Amino acid sequence: MTTPQDHLAIARRVIADEAAGLAALADGLGHGFEQAVQKILNAKGRIIVSGIGKSGHIARKIAATLASTGTPAQFVHPAEASHGDLGMVTRHDIVLALSNSGEAPELANLVAYTRRFGIPLIAISSRDDSTLAKQADIRINIPQLGEACGFGVVPTTSTTMSLAVGDALAITLMQARQFTPEDFHAFHPGGKLGARLARVADLMHTGEAVPQVSPDTAMGDTLLMISQKGFGVVAVTQPDGTLDGVITDGDLRRHMDGLMSKTAGEVMTPDPTTIAPTALAEEAVARMTGKITCLFAVDDANKIAGVLHIHDCLRAGVV
């Protein structure tokens, strides 16, 4: 009968064993990995990732990570491949096959198909003398270490290392392709991650929705503009859209004495805090410090492109 202390000790040992596996993997990573990166970078088609059992689950994750970071990829189940799904694999593709032992019989037809049609085969395996490794054009070896279960039968350390190799491939390829956060956002438009990567241009109001007046606009008309647009602020711009300043509630209070006899140019705060339309919405939120709840987006020539309110960011889940 194990105790709570035993449970913690077992858990820590498992994590330590897998960490040791990752350290050995990093130390031993060699020419095969670089060959795989170059082959994939030059590929005209997709990366077909396959594996069976626990390796299959890892293969699915690797395919998803590759696809979301700029390398077109797809998981093909090896058993389904033998029943028609081989038609998903083209001569322009590359097959990435995972098998710790390198002897998974379910991969046989997929491997034979790559050999028949000259499709590059990359193997991730712990045995360099295995059937899969011998057939592969490129081999990425993972260390032959015991599994964390202690009996050598439950895929744990081996699958962790395989997953790490997949992540290493994806990130290496991503950086080689100069894949940007904006590119990443294109593949992740939903959820919290999509919100974090949203740009100001995705959320800002444009055109007639933007409150703006000229410097010589009477304050009576300026107040009407603030009220109509509902942002609690107005931009003071030149006829060509160049931003001169902004008028906020604070500016109104500071010029309360004789306010209605003044013009927008006399009341405005010049050189206000602004944001580029291409900036991430998170950056805009960071600039909305203190009493700033609204930012005008301007281009490189300081011309108004739109307006962003903190509520727009809240609705999108940015903060």
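Guide: Let's start with a rule: two strands pair if DSSP finds at least two bridges between them. This is a predicted model, by the way.

Visitor: What makes β8 count as largely enclosed?
Guide: Four of its five residues are buried, so the rest of the structure largely encloses β8. The cut-off for buried is under 20% relative accessible area.

Visitor: What about the other sheet: how many strands, and is the pairing parallel or antiparallel?
Guide: That's an open sheet of five strands, β2-β1-β3-β4-β5, with parallel pairing. β2 (73–75) and β5 (138–141) are at the edges: each has a single partner strand, so one side of each lacks a neighbour in the sheet. On average, neighbouring strands here are turned by 20° against each other, direction ignored.

Visitor: How do you know that β1 pairs with β2 and with β3?
Guide: Count the bridges again. β1 has three to β2 and five to β3, both in the parallel sense. At least two are needed, so both pairings pass. Valine 49 shows both partners: it stands opposite phenylalanine 75 in β2 and opposite leucine 96 in β3.

Visitor: Why is β1 called largely enclosed?
Guide: Five of its five residues are buried, so the rest of the structure largely encloses β1. Both faces are covered: Ile47, Val49 and Gly51 are buried on one side, Ile48 and Ser50 on the other.

Visitor: Which helices lie across this sheet's strands?
Guide: Helix α2 (residues 31–41) lies across β1, β3, β4 and β5, at about 130° to β5. Helix α3 (residues 54–68) lies across β1, β2 and β3, at about 160° to β1. Together β1, α3 and β2 form a right-handed β-α-β unit.

Visitor: How do you know whether aspartate 93 is buried or exposed?
Guide: Its relative accessibility is 2%; buried means under 20%, so aspartate 93 is buried. You'll find aspartate 93 in the loop between α4 (78–81) and β3.

Visitor: What makes the backbone nitrogen of arginine 46 a polar contact of aspartate 93?
Guide: That nitrogen lies 2.8 Å from a polar atom of the aspartate 93 side chain. The limit is 3.5 Å, so the distance qualifies. The backbone nitrogen of threonine 90 is also 2.8 Å from a polar atom of that side chain. Leaving aside neighbours within four places in sequence, aspartate 93 touches Gly45, Arg46, Ile48, Met88, Ile119 and Pro120.

Visitor: Why is the pair of tyrosine 113 and phenylalanine 117 called tilted?
Guide: The planes are 55° apart; stacked would need under 30 and edge-to-face over 60, so tilted is what remains. The centres are 4.8 Å apart, inside the 6.5 Å limit, so the rings do pair. The structure holds one aromatic pair, and phenylalanine 117 counts as partly exposed at 22% relative accessibility.

Visitor: And what class does leucine 8 fall into?
Guide: Leucine 8, in helix α1 (residues 4–28), has 47% relative accessibility. That lies between the 20% and 50% cut-offs, so leucine 8 counts as partly exposed.

Terms used. Residues numbered from 1 in each chain as written. Predicted model: local features only at pLDDT ≥ 70, side-chain atom pairs only at ≥ 80, totals over all residues. Heavy atoms only, no water. Axes fitted to C-alpha atoms, helices over the stretch in contact; angles between N-to-C directions. Contact = heavy atoms within 4.5 Å. Buried < 20%, exposed > 50% of the residue type's maximum accessible area, 1.4 Å probe, protein only. Right-handed = clockwise from strand over helix to strand, strands pointing away. Phe/Tyr/Trp six-rings, centres within 6.5 Å; stacked < 30°, edge-to-face > 60°. Polar contact = N/O pair within 3.5 Å; in protein donor to acceptor, adjacent residues only side chain to side chain.
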